[in-house]
Amino acid sequence: MTGTDKPRRVLLKLSGEAFGGGAVGIDTKVVRRIAQEIVPAVRQGVQVAIVTGGGNFFRGAELQQAGIDRSRGDYMGMLGTVMNCLALQDFLEQEGQATRVQTAIAMGQVAEPYIPLKAIRHLEKGRVVIFGAGAGMPYFSTDTVSIQRSLEIHCDEVLMGKNGVDGVYTADPRKVEKAQRFATLSYNRALVDNLAVMDASALSMARDNRKPIRVFGLEEPGNVTKALLGEQLGTLVSTAQSTLVD
């Protein structure tokens, strides 16, 4: 990278499912591996911000079905995301990587408040910044937060790490044998066909602000590092026309 080159800055979205390995709670082996794959990219100059989900602990919509007020359930989910943030921070720091957690709900003993300019400064100093507590408001998904944060701190790309799939397909590849993976996918087709990229409000925000999203598989060892470094994994969702993998 020359002195005039702008460092690559990306936002990595990690679902709660990724933290839990598909179960309730935290799968420490999975989180440690993800942390170990983030560090090499940071050491090569990539500025990495992360948004965590909390579905391995609580999902507001599911708690609502069980009789809990939706707003309160969403706040419980936000607290779950912070537990994931702290776990990832610990494993990153065990690898020698300076890390800061910023939350949308004030909790000064464990994290900084979310301040965009401060987050940018941390990134410029080579620190990983992990955003927790969603947007700090009910009814907003962490998918939406990942797009909003990426816009506010000027990320080049949003990386969506998925469990069980290695990109976006024409149908669920676990149910439809002939489903094909997209190499590139337009925002509009993703919305119209209701493809499982992220929720519609998040995808609409990405489209309106022309924010590219790369969807890739988390489970293949080394994929996190490759995605952070800009390798063409999975599916790129953007303004480009939709194309299928040959």
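A salt bridge is defined here as a side-chain nitrogen of Lys or Arg within 4 Å of a carboxyl oxygen of Asp or Glu. Side chains of opposite charge can pair when their charged atoms come close. The structure is a predicted model, in which local features need pLDDT of at least 70 and side-chain atom pairs count only at pLDDT 80 or more, while totals for chains, interfaces and linings use all residues. Residues are numbered from 1 along each chain as its sequence is written, and side-chain values use heavy atoms, with hydrogens and water left out.

By this criterion the structure contains eleven salt bridges. One of them joins Arg214 to Glu157, with 3.6 Å between the closest N and O atoms. Arg214 belongs to strand β8 (residues 213–217) and Glu157 to strand β6, so this pair ties together parts of the chain that are 57 residues apart in sequence. Strands, like helices, are DSSP runs numbered from the N terminus (strands: E, at least two residues; helices: H or I, at least four).

Glu157 also forms a salt bridge with Arg8, where the closest N and O atoms are 2.9 Å apart. This pair links distant parts of the chain, since Glu157 is in strand β6 (residues 157–162) and Arg8 is in the segment before β1 (9–14), 149 residues apart.

Another salt bridge connects the side chains of Asp74 and Arg70, at 3.0 Å from N to O. Both residues lie in helix α4 (residues 70–94); because they are four residues apart, about one helical turn separates them. Asp74 is buried, with a relative accessibility of 12%.

The search of the whole structure finds zero disulfides. For the sulfur of Cys85, the closest cysteine sulfur is that of Cys155, at 15 Å, which is too far for a bond. The closest cysteine sulfur to that of Cys155 is in turn that of Cys85. Cys85 is buried at 0% relative accessibility, and Cys155 is buried at 4%.

Notes:
Buried means under 20% relative accessible area, exposed over 50%, partly exposed in between (1.4 Å probe, protein chains only). A disulfide is a pair of cysteine sulfur atoms within 2.5 Å.
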